[in-house]
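Student: I have a structure open and would like to learn how to read it. Could you take me through a few features?

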Amino acid sequence: MKLFGHRGAAGLVAENTLESIAEALRYNVDGIEIDVHCCKSGELMVIHDETLDRTTNGKGKVADYTLQQLQQFRTEEGFSIPTLQEVLDLINARCELNIELKGKGTALPTAKLVEEHIEKTSWNYDHFIISSFDHSQLFDVKKRTSEFKLGVLTEENITTALPVAKELEAFSIHPPISSLTEDEIAIAREQGYRVYVWTVNLPEFIDTSKSWNVDGIITDFPNFVV
């Protein structure tokens with residue numbers, strides 16, 4: 001069972017920051033999950049929300065600020081909002097990267113940046129999963145290239161995600177731990193999909209995921225998973 005650090009190590013260090021990702025890497029995670037939005041000047045910013053208000057001292061939408069402006073904002077701990085390029089440079093192919101397309105219009109810029117990065121570095125397509133709740137963006141990625149592993153995020157259960165996963169020829173389905181059942185995992189696997197579960201933070205849920213042979217879990221606390 002693979003272990004993905006959720007937004008880095010969100011339960012230990014401010015989410016989606018370089019410092020949080022570095023913390024996750026300390027625990028030899030198999031992968032890291034992050035979220036991306038486009039800013040006004042076009043760069044891909046690693047931040048979960050559409051707005052700055054919850055996680056930084058900024059106000060308003062990420063899309064209304066340029067990179068130079070966003071670089072002035074800080075989390076409560078004093079950390080900055082990183083770009084996707086900075087995250088790629090930090091991880092340096094030491095683990096997989098699950099990029100969630102959170103903001104609108106992030107599919108093609110993300111695919112382009114990652115493709116260019118693969119051409120210049122030791123990364124390869126197997127290092128990446130591109131996921132989203134906005135399944136139309138996954139179709140945008142697929143139209144550009146079939147090289148990426150696509151992950152269908154769902155807030156419901158595996159069964160509801162199967163039709164779009166089939167149409168996408170997706171690699172994986174990402175259901176919430178609250179909807180997980182052993183039978184649904186079996187159905188997904190019979191149809192050839194990996195199952196990556198979010199957000200698994202309680203020890204009993206980790207044990208259950210292991211016993212049901214889940215392919216991977218996404219957790220805020222990579223430190224207590226063994």
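**Reading burial and helix packing**

Tutor: Let's begin with Phe221, which lies in the segment after strand 9 (216-219); helices (H or I, at least four residues) and strands (E, at least two) are DSSP runs, numbered from the N terminus. This is a predicted model, where local features need pLDDT of at least 70 and side-chain atom pairs count only at pLDDT 80 or more, while totals for chains, interfaces and linings use all residues. Residues are numbered from 1 along each chain as its sequence is written, and side-chain values use heavy atoms, with hydrogens and water left out.

Student: Is Phe221 buried, partly exposed or exposed?

Tutor: Buried means under 20% relative accessible area, exposed over 50%, and partly exposed in between (1.4 Å probe, protein chains only). With a relative accessible area of 25%, Phe221 is partly exposed.

Student: Which residues is Phe221 in contact with, leaving aside its neighbours within four places in sequence?

Tutor: Contact means heavy atoms within 4.5 Å. With neighbours within four places in sequence left aside, Phe221 is in contact with Gly11, Leu12 and Asn201. As for Thr55, Phe221 is 166 residues from it in sequence and 18 Å from it in space, C-alpha to C-alpha.

Student: And Ser209, buried or exposed?

Tutor: Ser209 is buried, as its relative accessible area is 0%. This residue lies in helix 8 (residues 203-211). Leaving aside neighbours within four places in sequence, Ser209 is in contact with Met1, Ile177, Val200, Val214 and Ile217.

Student: Now whole helices. Which residues of helix 3 are buried?

Tutor: They are Leu84, Val87, Leu88 and Ile91. Viewed down the axis of helix 3, these buried residues fall within an arc of 100 degrees, so they line one face of the helix. The arc is that of the directions from the helix axis to the C-beta atoms. Among the elements covering the buried residues of helix 3 are helix 1, strand 2 (31-38) and strand 3 (44-46). Just after helix 3, Asn92 takes a positive phi of about 55 degrees.

Student: What are the buried residues of helix 5?

Tutor: In helix 5 (residues 135-144), the buried residues are Gln137, Leu138 and Val141. They cover an arc of only 105 degrees around the axis, which puts them on the same side of helix 5. Their cover includes strand 4 (96-101), helix 4 (107-120) and helix 6 (158-168).

Student: How do I describe two packed helices?

Tutor: Two packed helices are described by the angle between their axes and the distance between the axes. Axes are lines fitted to C-alpha atoms, for helices over the stretch in contact, and angles run from 0 to 180 degrees between N-to-C directions. Helix 1 (residues 18-26) and helix 3 (residues 84-91) pack at about 25 degrees, with their axes 11 Å apart. That makes helix 1 roughly parallel to helix 3 (angles under 35 degrees count as roughly parallel, over 145 as roughly antiparallel, 65 to 115 as roughly perpendicular and the rest as oblique).

Student: Which residues meet there?

Tutor: Leu18, Ile21, Ala22 and Leu25 in helix 1 meet Glu86, Val87, Leu90 and Ile91 in helix 3.

Student: What about helix 6 and helix 7?

Tutor: Helix 6 and helix 7 (residues 182-190) pack at an angle of about 15 degrees, and their axes are 10 Å apart. Helix 6 is therefore roughly parallel to helix 7. The contact is made by Ile158, Thr159 and Leu162 of helix 6 together with Glu184, Ile185, Ile187 and Ala188 of helix 7.
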